[in-house]
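Dear colleague,

I am passing on to you the structure below, together with some notes on what turned up in it. Please read the notes with the structure open beside you.

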Amino acid sequence: MEGTNVPNFATETPHVPTLATYTTDELAAEGLRPDRLPRHIAVIMDGNGRWAKARGLPRIEGHRRGVKSVRLLVEECCRLGIEQLTLYCFSSENWKRPRHELSLLMHLLEQYVIEERSEIMRQQIRFTTIGRRDGLGKGVLAEVDRTIEFSRPNTGMGLCLALNYGARAEIVDAVREIARKVECGLIDPDEVSEEVVSSYLYTAGIIDPDLVIRTAGEMRVSNFLLWQISYAELWVTETCWPDFRRKELIQALRDFAMRDRRFGGLKD
């Protein structure tokens, strides 16, 4: 297994400088403006299996190729100055897949967290995850927790992986915890507000997404951040996740910049 000799990133100084963020002129050349970029991008990474099937490859090859898309997206969002990036990596419904595929997915996830740790530290990325921990495996959880701890002092973009995640389960867990606090007299039921509910979600402390990107052409949100994306802009591409590259991201950002976001109000 790779990663058995992982250096102590908490004390090691990276030798390679972080990527420079794009200048205003560089953004303008792409038809973008800093004040029209989303603060938080959330991505439903779909189409790995279809991409592999279309090429006569095993499904896991689609997932492996998808890791490259993740790396490129993370790097590009860092350069764009995006504040938060959340990736839907593994849903609570994905446990229905064949056992061998699940085993390979868990191995791929563990490998990704180990291999990208140095890049996370180099780019000053704040790494975290959301979702239920049960079922993910001790090896995966150990490496995830290690990366979270190492990156805690970082001050750059937030990168959140949704693992064993389902929005309905998240809301249920929040309601249960609030109910316990009410039962103990720590919360007045009349004081339960949207802000209180948000503070008990897995994403507490993370700003809500401004833009949700979905690949492979599916027109649904698939139980992803249902509370948090209430006012997010949706952007769907026919491109499968393994083929998602910078040009698709830039197009999504251009389209986002043209949206009239009123949040229920009227334009003057």
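A search of the whole structure, which is a predicted model, finds 26 salt bridges. I describe some of them here, with the place of each partner.

One of the salt bridges pairs Glu30 with Arg254, and the closest N and O atoms of the two are 3.4 Å apart. Since Glu30 belongs to the loop between α1 (24-29) and β1 (40-44), while Arg254 belongs to helix α9 (residues 246-258), the pair ties together parts that are 224 residues apart in sequence. Glu30 is partly exposed, because its relative accessible area is 22%, which lies above the limit of 20% under which a residue is called buried. Arg254 is partly exposed as well, with a relative accessible area of 32%.

Next come the helices α3 and α4. The side chains of Arg59 and Glu101 meet in a salt bridge, with a distance of 3.0 Å from N to O. This pair links distant parts of the chain, given that Arg59 is in helix α3 (residues 59-80) and Glu101 is in helix α4 (residues 99-115), 42 residues apart. Are these two partners buried or exposed, or something in between? Arg59 is partly exposed, with a relative accessible area of 38%, whereas Glu101 is buried, because its relative accessible area is 5% and buried means under 20%.

A further salt bridge joins the side chains of Glu115 and Arg71, at 3.2 Å from N to O. Here too the pair links distant parts of the chain, with Glu115 in helix α4 and Arg71 in helix α3, 44 residues apart. Glu115 is partly exposed at a relative accessible area of 30%, and Arg71 is partly exposed at 33%. Elsewhere, salt bridges that share partners join Asp46, Arg50, Arg214, Glu218 and Arg220 into one network.

Finally, a word on a glycine. Gly185 sits in the loop between α7 (167-183) and α8 (194-199). Its relative accessibility is 59%, so Gly185 counts as exposed, the cut-off for that word being over 50%. How far apart in space are Gly185 and Arg168? From C-alpha to C-alpha they are 26 Å apart, and in sequence they are separated by 17 residues.

How values were computed:
Residues numbered from 1 in each chain as written. Predicted model: local features only at pLDDT ≥ 70, side-chain atom pairs only at ≥ 80, totals over all residues. Heavy atoms only, no water. Helix = DSSP H or I, 4+ residues; strand = E, 2+ residues; numbered from the N terminus. Buried < 20%, exposed > 50% of the residue type's maximum accessible area, 1.4 Å probe, protein only. Salt bridge = Lys/Arg side-chain N within 4 Å of Asp/Glu carboxyl O.
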